[in-house]
Amino acid sequence: MRRFAIVVSNITPGGGLTKYVCNLARFLTDDSQSEVSVITTHKSEYNPEIHRLKEERGLVHYDLSEKTKVMKYLALVSLLRRLNPEIIINNYNAVLQYVLPFVKSSTKTVHILHNATSDFYRVGGINASRVTGWIAPTPALKYEFDAYMRGTVSDKITVIPHGVEAGLVAQRYGNKIAEIVYVGVLYEHKGAHILPDIIRNLENRNLDFHFSIIGEGKLREVMEHRLKKEIEDGTVEFTGRIAFEEVYKRLASADIFVYPTHLDAFGLVIAEAMINGAVPVVTCLENITDTIVTNDVTGYLVKQDDIEAFSERIETLILNPDHRMDMSEAAKKEAQTKFSIPVMKDNYHKYFSKL
């Protein structure tokens, strides 16, 4: 029996980190010879996928959120010693990093680098000598974390892209007008603030389209105010946060996925769009988004905040449906080959076997 413990601060209904944890828990529980536990240290919300895995596959969830700060550390050490996992997979959880010296020395600890920010690197570097290895979803995170650690852990960082669910059957080619979609939080670091400018630019080009903006965030009210006319005439739709299944349906029926992000560790939603056949038009982030999208083959890479360039690429896709269809098929094939759950599962099992 192989024993895994997945440690994460909290579980939510959505979000990239929670999706990763759910995917990881799902394929680890595929094996009846594996015993998988998820440990959360802070208040979580109900997640249907975690619930299904508990009901159907025997996943066990331990919640330490109600404990005081000191007791949380003690409880985590006690729990890990009782569970005695062969491998601990940490997801940006500082509590675990601080207690690593008290975890059994025979236990392997793998830290997942989920984001390209200094605090993610700081947490990942706590008690680094007790970490067996780090996994980065893109080369950029590997290089940056290694630089943060002053080149002391380069041989312990492995690049393994995140995986996404299989795509749905596309329905887009019967669209009378182009279906465009954005999926993400409505914050400036995701470039949401320039979406109204892109939409206005597309209107000025006399293009027919419907633009769905999926997600919540502090910019929503301002964006809705700026796009009041477009919302009223049905050109733009704000859906708010919707279920993962509904997001996939939207992506499967979309022609174009627009993502003017400033900051990403991997760009999971880009791979989700591609596997559903929506052609991505996204910001070019070196060694991050350009490892997912091949420019002018599986989508378009655009300079950050270049409203004119975003609009031009979208216009090209709208006015050239045959070209758009070719890119859609190429995007889908690329995502299935590199970023599907089976590929991620195979990469992780190979990595764990090496440990």
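**View 1. Strand β6 and its neighbours.** In strand β6, I135 is the bridge partner of I112. The model is predicted: local features need pLDDT of at least 70, side-chain atom pairs count only at pLDDT 80 or more, and totals for chains, interfaces and linings use all residues. Residues are numbered from 1 along each chain as its sequence is written, and side-chain values use heavy atoms, with hydrogens and water left out. Three bridges join β5 to β6, and the two run parallel. Strands count as paired if DSSP finds at least two bridges between them. On its other pairing, β6 is joined to strand β7 (residues 157–159) by three bridges, again in parallel. There, A136 has V159 as its bridge partner in β7. Both faces of β6 (residues 133–136) are covered. G133 and I135 on one side are buried, as are W134 and A136 on the other. Buried means under 20% relative accessible area, exposed over 50%, and partly exposed in between (1.4 Å probe, protein chains only).

**View 2. Crossovers around β5 and β6.** β5, helix α5 (residues 118–125) and β6 form a right-handed β-α-β unit. A crossover is right-handed if, with the strands pointing away from the viewer, the path from the first strand over the helix to the second runs clockwise. Another right-handed unit is built from β6, helix α6 (residues 139–148) and β7. β4, helix α4 (residues 94–99) and β5 make a right-handed unit too.

**View 3. The enclosed strand β4.** Five of the five residues of β4 (residues 87–91) are buried, so the strand is largely enclosed by the rest of the structure. I87, I89 and N91 lie on one side, I88 and N90 on the other. Strand β1 (residues 2–8) runs parallel to β4 and is joined to it by five bridges. V8 has N91 as its bridge partner in β4. β4 also pairs with strand β5 (residues 108–112), in the parallel sense, over four bridges. In that pairing, I89 stands opposite V110.

**View 4. The largest cavity.** A search of the whole structure finds one cavity of 30 Å³ or more. A cavity is a set of points, on a 1 Å grid over the protein atoms alone, where a 1.4 Å probe fits but cannot get out; lining residues have an atom within 4 Å of a point. The largest cavity holds about 40 Å³ of space. Volume is the space filled by probe spheres set on the points, with grid points joined across faces, edges and corners. Its lining consists of R3, F4, E35, S37, L83 and P85. β1 and β2 (34–40) are the elements that give two or more residues to this lining.

**View 5. Helix α1.** Helix α1 (residues 16–28) has 13 residues and reaches 18 Å from its first C-alpha to its last, close to the 18 Å expected at 1.5 Å a residue. The expected span is 1.5 Å times one less than the number of residues. Ten of the 13 residues are buried, so α1 is mostly covered. Among them are Y20, C22 and F27.

**View 6. Two asparagines with positive phi.** N206 is not a glycine, yet has a positive phi of about 60°. N206 sits in the loop between α7 (195–204) and β9 (209–214). At 68% relative accessibility, N206 counts as exposed. N287, also not a glycine, has a positive phi of about 65°. Its place is in the loop between β12 (279–283) and β13 (300–302). At 26% relative accessibility, N287 counts as partly exposed.

Key
1 Å grid on protein atoms, 1.4 Å probe; cavity = no way out; pocket = protein on both sides within 12 Å on 5 of 7 lines; lining within 4 Å.
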